[in-house]
Amino acid sequence: MTTSTGTDWAAWQESWDRQQEWYMPDREERFRIMLDMVEALVGPAPRVLDLACGTGTITARLLARFPGATSTGVDLDPALLAIARGTFEGDDRVSFVTADLKDPEWPAKLPYASYDAVLTGSAC
């Protein structure tokens, strides 16, 4: 997807994914297993909280597999959130929250009171 500013968000996503796969070669398999578990436990239209969402990689896999899903991504990194927001611009199934997970008040920023699943690829 390219926005009116000329930013190729898909290229940024691909670059990020390649870099992350170098650190974690089994990354895609981990995502597949996460989504298998979500489907088994809550079905094909889950509301998911994506912690330390980065560029929204888990959210992208989630929505590709479950078009009826919704996702809230939480991260603190402004550069990664810019890529995520650009990638999912106009998709009302997705929202992003800027928050520090070390701050005990971060849940107050979430748009929903509950989620069917909480996923993360790298929150420590």
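The model is predicted, with local features requiring pLDDT of at least 70, side-chain atom pairs counting only at pLDDT 80 or more, and totals for chains, interfaces and linings using all residues. Residues are numbered from 1 along each chain as its sequence is written, and side-chain values use heavy atoms, with hydrogens and water left out.

**Overall fold**

The chain contains 4 helices and 4 strands, where helices (H or I, at least four residues) and strands (E, at least two) are DSSP runs numbered from the N terminus. Along the sequence these elements follow the pattern α-α-β-α-β-α-β-β. Of the 124 residues, 40% count as buried, a term that means under 20% relative accessible area with a 1.4 Å probe and protein chains only. Among contacts (heavy atoms within 4.5 Å) with a separation of 6 or more, 62% come from residues 24 or more positions apart. The chain exposes about 7,000 Å², of which carbon and sulfur atoms supply 57%; the accessible areas come from the Shrake-Rupley method with a 1.4 Å probe.

The 4 strands form an open sheet in the order β3-β2-β1-β4 with parallel pairing, two strands being paired if DSSP finds at least two bridges between them. Its edge strands, β3 (94–98) and β4 (117–120), each pair on one side only. On average, neighbouring strands are turned by 20 degrees against each other, direction ignored. Strands β1 (residues 47–51) and β2 (residues 70–75) run parallel and are joined by 5 bridges, and Arg-47 stands opposite Thr-70 in β2. Helix α4 (residues 78–87) packs on the sheet, touching β2 and β3, and its direction makes about 165 degrees with that of β3; axes are lines fitted to C-alpha atoms, for helices over the stretch in contact, and angles run from 0 to 180 degrees between N-to-C directions. Within α4, the buried residues are Leu-80, Leu-81, Ile-83, Ala-84, Gly-86 and Thr-87.

Thr-59 lies in helix α3 (residues 57–65) and is buried, with a relative accessible area of 0%. Not counting residues up to four places away in sequence, Thr-59 touches Asp-50, Ser-71, Phe-88 and Val-94. The table lists a polar contact of Thr-59 and an approach at the start of α4.

| Atoms or groups | Distance |
|---|---|
| Thr-59 side chain, Ser-71 side chain | 2.7 Å |
| Asp-77 side-chain oxygen, Ala-79 backbone nitrogen | within 2.9 Å |

A polar contact is a pair of N or O atoms within 3.5 Å; within protein, one must be able to donate a hydrogen and the other to accept it, and residues adjacent in sequence count only if both atoms are side-chain atoms.

Notes: Buried < 20%, exposed > 50% of the residue type's maximum accessible area, 1.4 Å probe, protein only.
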